Every structure is written in C-alpha cells, then in structure tokens.
Amino acid sequence: MQHTLLEEIKPIAEKHSAILAQLVLNWTIRRPGVACVLVGARDEKQVADNAKALGFILSVEEPDTNKFNPASVS
C-alpha cells in the first residue's frame, strides 16, 4: 500500500493538535536559512490558523525523519 506525504506527516500534526498547514508552516520557518515565510489568507480564520503555526515546537527528531521530503515517501 502506497502512503502519501500527507498520511506520513499527519500523526506529527495530530501530536501537536495542529492542522497540516500549521505543521508545514512551522517546519518551514524553522529551517536553517529561512528568514520568513510568506503566506496568504482568504479570511480572518485562515489568518488566525496561520498564526497558530508558531504555537508549538517540533522535537529534534520530528524534522529529521525525512517525512517532509516527498522523495522519501514510498
């Protein structure tokens, strides 16, 4: 059975009570060399959801699992 990238990272989001978009924004902004992340929003709810992306910290192991690397998903 083939897993998608979203299926692979969903448990990490759930662990942090976050939605997938928040997880991806969190991971992206904490990458070395990334100074900012530009995001758009359709409405106030999406702005609030995006802001919550910085409300948790990923463990050292979580970003290093290669689950965020689409090439690593079989």
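Biologist: In which helix is the place of Gln22?

Modeller: The model discussed here is a predicted one. Helix H2 spans residues 20-29. The place of Gln22 is in helix H2.

Biologist: Is Gln22 buried or exposed, and what is its relative accessible area?

Modeller: A residue counts as buried when its relative accessible area is under 20%. Gln22 falls under that cut-off and is therefore buried, with a relative accessible area of 6%.

Biologist: Which residues does Gln22 touch, not counting residues up to four places away in sequence?

Modeller: Contact here requires heavy atoms within 4.5 Å. Residues up to four places away in sequence from Gln22 are not counted. The residues that Gln22 touches are Ser17, Asp49, Lys52, Ala53 and Phe56.

Biologist: Where is Ser17 found, and what is its phi?

Modeller: Ser17 is found in the loop between H1 and H2, and Ser17 counts as exposed at 70% relative accessibility. Most residues other than glycine have a negative phi.

Biologist: Which residues make up the largest nonpolar core?

Modeller: In soluble globular proteins, nonpolar side chains tend to be buried together. In this model, the largest nonpolar core has eight residues in all. Its members are Ile9, Ile12, Ala13, Ala18, Leu23, Trp27, Phe56 and Leu58.

Biologist: Which helix supplies the largest share of this core?

Modeller: Among the contributors to the core made up of Ile9, Ile12, Ala13, Ala18, Leu23, Trp27, Phe56 and Leu58, H1 and helix H2 each supply at least two residues. The largest share is three residues, and these come from H1.

Biologist: What arc do the buried residues Ile9, Ile12 and Ala13 cover around the axis of H1?

Modeller: An α-helix has 3.6 residues a turn, so residues three or four places apart point the same way. In H1, Ile9, Ile12 and Ala13 are buried. They lie on the same side of H1, because the arc they cover around the axis is only 100°.

Biologist: Against which helix do the buried residues of H1 pack?

Modeller: The face of H1 turned away from its buried side carries the exposed residues Glu14 and Lys15. The buried residues of H1, for their part, pack against H2.

Biologist: How many salt bridges does the structure hold?

Modeller: One of them joins the side chains of Lys10 and Glu14, at 3.9 Å from N to O. In another, Lys45 pairs with Asp49, the closest N and O atoms being 2.8 Å apart. Glu62 also forms a salt bridge with Lys15. The number that the structure holds is three.

Biologist: About how many helical turns separate Lys45 and Asp49?

Modeller: Lys45 counts as exposed at 57% relative accessibility, whereas Asp49 counts as buried at 16%. Both residues belong to helix H3, where they are four residues apart. The separation is therefore about one helical turn.

Biologist: How far apart are the closest N and O atoms of Glu62 and Lys15, and how many residues apart in sequence are the parts that this pair ties together?

Modeller: In the salt bridge of Glu62 with Lys15, the closest N and O atoms are 3.1 Å apart. Glu62 lies in the segment after helix H3 and Lys15 in helix H1, so the pair ties together parts that are 47 residues apart in sequence.

Note on methods
Residues are numbered from 1 along each chain as its sequence is written. This is a predicted model: local features need pLDDT of at least 70, side-chain atom pairs count only at pLDDT 80 or more; totals for chains, interfaces and linings use all residues. Side-chain values use heavy atoms; hydrogens and water are left out. A salt bridge is a side-chain nitrogen of Lys or Arg within 4 Å of a carboxyl oxygen of Asp or Glu. Buried means under 20% relative accessible area, exposed over 50%, partly exposed in between (1.4 Å probe, protein chains only). A nonpolar core is a set of buried Ala, Val, Leu, Ile, Met, Phe, Trp, Tyr and Cys residues joined through side-chain atoms within 4.5 Å. The arc is that of the directions from the helix axis to the C-beta atoms.
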